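Hi,

Here's the structure I said I'd pass along. Have a look at it first, and my notes on the ligand and its surroundings follow below.

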Amino acid sequence: MNQHQQLGFRFSTNLLVNGLFPLCWEQNRSCVRAIQAVLLSEDRIVIVKGNSSPDDCTWFLEVDTQFIREQKKSFETEVVAWSKGVKGDAEKPIVISGPSGVGKGTLISKLMEEFPSMFGFSVSHTTRAPRDKEKDGVHYHFTERSVMEKDIKDGKFLEFASVHGNLYGTSIEAVEVVADAGKRCILDIDVQGARSVRASPLEAIFIFICPPSFEELEKRLRARGTETEEQIQQRLHNARAELEQGQSPGLFDHILVNEDLEACYESLKKLLGLDGSISTAPKSSPKMADLPLDLSISKFDHKILISFGTKEVEKASKNLYVLDVSSLKGGAPGRTRGLNMYTVHLFADGPNVVKQLS
Ligand SMILES: Nc1nc2c(ncn2[C@@H]2O[C@H](COP(=O)(O)OP(=O)(O)O)[C@@H](O)[C@H]2O)c(=O)[nH]1
Ligand SMILES: Nc1ncnc2c1ncn2[C@@H]1O[C@H](COP(=O)(O)OP(=O)(O)O)[C@@H](O)[C@H]1O
C-alpha cells in the first residue's frame, strides 16, 4: 500500500460528489460551514477546513490525477486520495546519482557547507552497517530489514531499491522535513531510485556524476578505505551497469564528469544557478491568523476565495483569504506544494474595491 492509499479512501466518485458537497456540521442546531469544497479542475477538488491553522486548512481530493488513473488500473477499483495543501513554493529537489566512489557525497557536502541555509539533505534509510564516521539520523537512518520492509509496505517510502546487496530508500518524511524547513532537498540515490522518483509526483532535477575513467573510480574507492575487497569488487561490478544506465535517454537532466573536484563543483553550482547573484536568505512568509469555524469558499479564476466574518464586521466589510492555486506543484505523494495564500480586505463602501494587506 502506498502513501496515497494510506492517506486516502477508496470509494466511488459518485458517492464523493453526492456525499461530500453538501457537507456541513450540525452544531447547536444551526448549520456551521466548517468544511467547504469546490471543484478545482477535472482532476481534483479543493477542500478548506474551518477552525484550523493556515498550514492545515487546505486539502485536495484527487479524483482523476495521473496517479489515480494508474492506481485504478492496478486495483481495478475506484481510487480517491487525499493530498495535503502545503504553502510555499519549495524549489525542485535535486537528485544526484552516480557509481560508488565517484564523489557524490563529497560534492554534496561542499554544497551544504557553502549554502547551509539553502540546502537540506534527504536522510535515507538503509539496512547496511554504518561506517566508522557515520552517524544514525545524519548520514542515514540505519534500519533493520524487517522494519524497513514493513514501512515500505505501509507506503512510507517515496522510492527504495536494493543496492550492493542492501536495501536503501527515501522516506516521504525525509524529503518533506527538508521542504518544510524552507530548504531545497538533495537526494543521493542510485539510478533505480532516480527512475522511481522520475515516475513519482515529485518534480526534481536529476544529475548524474561520472568518473573520468573506470580506473580512477577504482582508485578513489580503494583510497576511501571504507569497504572490504569483496565489497569493492561488488561496487565496481555494479558501477559498469550504473554508468550505462546513467546515459538512458530522458532519465538525467545533466551529466557531470568529476575529474577535478573544484571544476566539477563549480559546474554543479552553475547549473543550479548559484553564481552568487541570488539571495541565500530563507524566504519568510507573512503570518496568517487561524481560520474561523464559519467560512465559505468560491472559485475565481485560479484563486479560491475564503470569506468569513462576524455579522458586525459584515456590516462594513468582509474578511477574505485568497488561496492562489495557479502555481500548484506536486510535492512528495500526499502533499501538494506551491499554495500561495494572502489576506485581502473587501470594503463595503464602494463596488469592487479590494485592498491587499499582505
Ligand atoms: N535508491 C536509493 N539509493 C540510495 C539511497 N541512499 C543511498 N543510495 C545509493 O546507494 C548506493 C550506496 O550508497 P553507500 O552505501 O552510502 O555507498 P557510497 O555510494 O559508496 O558512498 C549509492 O549509489 C547511493 O546513491 C536511497 O535512499 N535510495
Ligand atoms: N574529483 C576528485 N578527485 C579525486 N578524488 C576525489 C574526487 N572527488 C571525490 N574524491 C574522493 O573519492 C572518494 C569517494 O568519494 P565519495 O564522495 O565518498 O563518493 P560517493 O559518495 O559517490 O560514493 C573520497 O575519498 C573522495 O575524497
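**Around ligand 1**

Ligand 1 has 20 residues around it, and the closest are S100, S124, R128, Y140 and Y168. Bear in mind that this is a predicted model, so please read the distances below as computed values.

The side chain of S100 puts a polar atom 2.4 Å from an oxygen atom of ligand 1, and for Y140 a side-chain N or O atom is 2.5 Å from a ligand oxygen. T170 has a polar side-chain atom as well, 3.3 Å from an oxygen atom of ligand 1. On its own the ligand would expose 570 Å², and the protein buries 95% of that.

Strand 11 and strand 12 are the elements that give two or more residues to the shell around ligand 1. By class, the shell has 8 charged, 7 polar and 5 nonpolar residues.

**The pocket**

So where does ligand 1 sit? The space it takes is the largest pocket, which holds about 1200 Å³. The lining counts 40 residues, and G105, R131, E134, D188 and R224 are the closest to the pocket's centre. Two or more lining residues come from each of helix 4 (104–114), strand 11 (157–163), strand 12 (166–171), helix 8 (214–224) and helix 9 (229–245). Helix 4 gives the most, with 7 residues. Sorted by class, the lining has 15 polar, 14 charged and 11 nonpolar residues.

Cheers

Notes: Residues numbered from 1 in each chain as written. Chains lettered and ligands numbered in written order. Predicted model: local features only at pLDDT ≥ 70, side-chain atom pairs only at ≥ 80, totals over all residues. Heavy atoms only, no water. 1 Å grid on protein atoms, 1.4 Å probe; cavity = no way out; pocket = protein on both sides within 12 Å on 5 of 7 lines; lining within 4 Å. Points joined across faces, edges and corners; volume = space filled by probe spheres on them. Helix = DSSP H or I, 4+ residues; strand = E, 2+ residues; numbered from the N terminus. Nonpolar A, V, L, I, M, F, W, Y, C, P; charged D, E, K, R; others polar. Near = heavy atom within 4 Å. Polar contact = N/O pair within 3.5 Å; in protein donor to acceptor, adjacent residues only side chain to side chain. Areas by Shrake-Rupley, 256 points an atom, 1.4 Å probe, with all protein chains shown as cover. Sits in = over half its atoms within 2 Å of the grid points.
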